[in-house]
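My entries follow in the order in which I looked things up.

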Amino acid sequence: MSHLQLELKPDSTALVQLASAVERFAEEAGLPLPLAMQLNLVLDELVTNTIDYGFAGREDGYIRIELHGEAGRLRVDLQDNGVPFDPTAVPPPDLESDLEQRRVGGLGLHFVRELMERVEYCHEAGENRLRLERALA
Amino acid sequence: MELNHELAQEALILKPAGRLDSNTAQAFEKALLEQLQAHPRVVLDLSGLDYVSSAGLRVLLIAAKQVKQSAGKLALCALQPAIHQVFEMSGFLTILTVCDARDEALARVKG
């Protein structure tokens, strides 16, 4: 069983801390490199969204992340005290239009859905709570 | 991250290196768009790019749109496997000119 807990402040150091924490977890859990990079991408996209839109200059913002690997499954729990935001309610991006028509943006949450098998959201006790799951291989 | 450049066969070759994420995307966007305004034929050699998130893809899409509008040419090459996968998930392999080798990319921007 592998386990890692991390609390990030919503600032420019968050992504660097996140990347090194994912690296530590990946090593401990024996994740293959491609999966470690996918996990980093998924968390990067979610954390970046929360930092960009969640706190509007507030000083008391936090993002808590828990990574849990057991019995071939990876579980990720994210909690933040930013404005309520349900990433599972965001419509999928446009992946079909040609270059001129293609809209800029919206890909981050698409990666989360593509790379994780389950994504569940709730808002409880003043927190956005997101649980992600997938196979550990 | 770094953005090295060199000139070859009438084209500018840009080599971004490191991580292209929301921390680095803004500076990369400014540097890239400046180079694209000055050079109509550009190859982006991504062999040194270790990581890209949607913030980085946004910059590449804006750059490709600008090149198309100004009737220039832009080709990308030498994507690492993880970067290639992110391009594939994004549908970027069909809207951008993506080549395996640098020579191929140079040929595409000259043609």
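Before I list any bridge partner, I need the rule for pairing: two strands pair if DSSP finds at least two bridges between them. I also keep in mind that this is a predicted model.

**Entry 1: the hairpin in chain B**

I began with strands β1 (residues 2-8) and β2 (residues 11-20) of chain B. They run antiparallel and are joined by 7 bridges. I looked up B:Ala8 and found B:Ala11 in β2(B) as its bridge partner. The hairpin of β1(B) and β2(B) has 2 residues between the strands. B:Gln9 takes a positive phi there, near 45°.

**Entry 2: the sheet in chain A**

Next I traced the sheet of chain A. Which order do its strands take? I read β1-β2-β3-β5-β4, an open sheet of 5 strands with antiparallel pairing. Strands β1 (2-8) and β4 (118-124) of chain A stand at the edges. Each has a single partner strand, so one side of each is left without a neighbour in the sheet. On average, neighbouring strands are turned by 10° against each other, direction ignored.

I then checked what lies on this sheet. Helix α1 (residues 14-29) of chain A packs on it and touches β1, β2 and β3 of chain A. The direction of α1 makes about 175° with that of β1(A).

**Entry 3: around β3 of chain A**

I took β3 (residues 73-80) of chain A and went through its two partners.

- β2(A) and β3(A) form a hairpin with 2 residues between them. A:Ala71 in the turn has a positive phi of about 50°.
- With β5 (residues 127-135) of chain A, β3(A) pairs in the antiparallel sense over 8 bridges. Here A:Leu78 stands opposite A:Leu130 in β5(A).

I found a side-chain link as well. A:Arg73 and A:Glu133 meet in a salt bridge, 3.8 Å from N to O. A:Arg73 sits in β3 and A:Glu133 in β5 of chain A, 60 residues apart, and the pair links distant parts of the chain.

**Entry 4: where chain A meets chain B**

I moved on to the contact between the chains. It takes 26 residues from chain A and 25 residues from chain B. The buried area is about 2000 Å², and carbon and sulfur atoms give 62% of it. Which three residues of chain A supply more of its buried area than any other three? I noted A:Leu99, A:Arg102 and A:Val104, with 31% of the area that chain A buries against chain B.

Over all chains the structure holds 17. Between chain A and chain B the count is 1. B:Lys68 forms a salt bridge with A:Glu100, with the closest N and O atoms 3.7 Å apart.

**Entry 5: the helix pair across the chains**

Last, I looked at helix α3 (residues 107-115) of chain A against helix α3 (residues 81-90) of chain B. They pack at an angle of about 105°, with their axes 10 Å apart. That makes α3(A) roughly perpendicular to α3(B). On the α3(A) side I listed A:Leu107, A:His110, A:Phe111, A:Glu114 and A:Leu115. They meet B:Gln85, B:Val86, B:Met89 and B:Ser90 in α3(B). By class, this contact has 5 nonpolar, 3 polar and 1 charged residues.

Terms used:
Residues are numbered from 1 along each chain as its sequence is written. Chains are lettered from A and ligands numbered from 1 in the order in which they are written. This is a predicted model: local features need pLDDT of at least 70, side-chain atom pairs count only at pLDDT 80 or more; totals for chains, interfaces and linings use all residues. Side-chain values use heavy atoms; hydrogens and water are left out. Axes are lines fitted to C-alpha atoms, for helices over the stretch in contact, and angles run from 0 to 180 degrees between N-to-C directions. Helices (H or I, at least four residues) and strands (E, at least two) are DSSP runs, numbered from the N terminus. Angles under 35 degrees count as roughly parallel, over 145 as roughly antiparallel, 65 to 115 as roughly perpendicular and the rest as oblique. Contact means heavy atoms within 4.5 Å. Ala, Val, Leu, Ile, Met, Phe, Trp, Tyr, Cys and Pro count as nonpolar, Asp, Glu, Lys and Arg as charged, and the others, Gly among them, as polar. Buried area is the accessible area (1.4 Å probe) that two parts lose on being put together, summed over both. A salt bridge is a side-chain nitrogen of Lys or Arg within 4 Å of a carboxyl oxygen of Asp or Glu.
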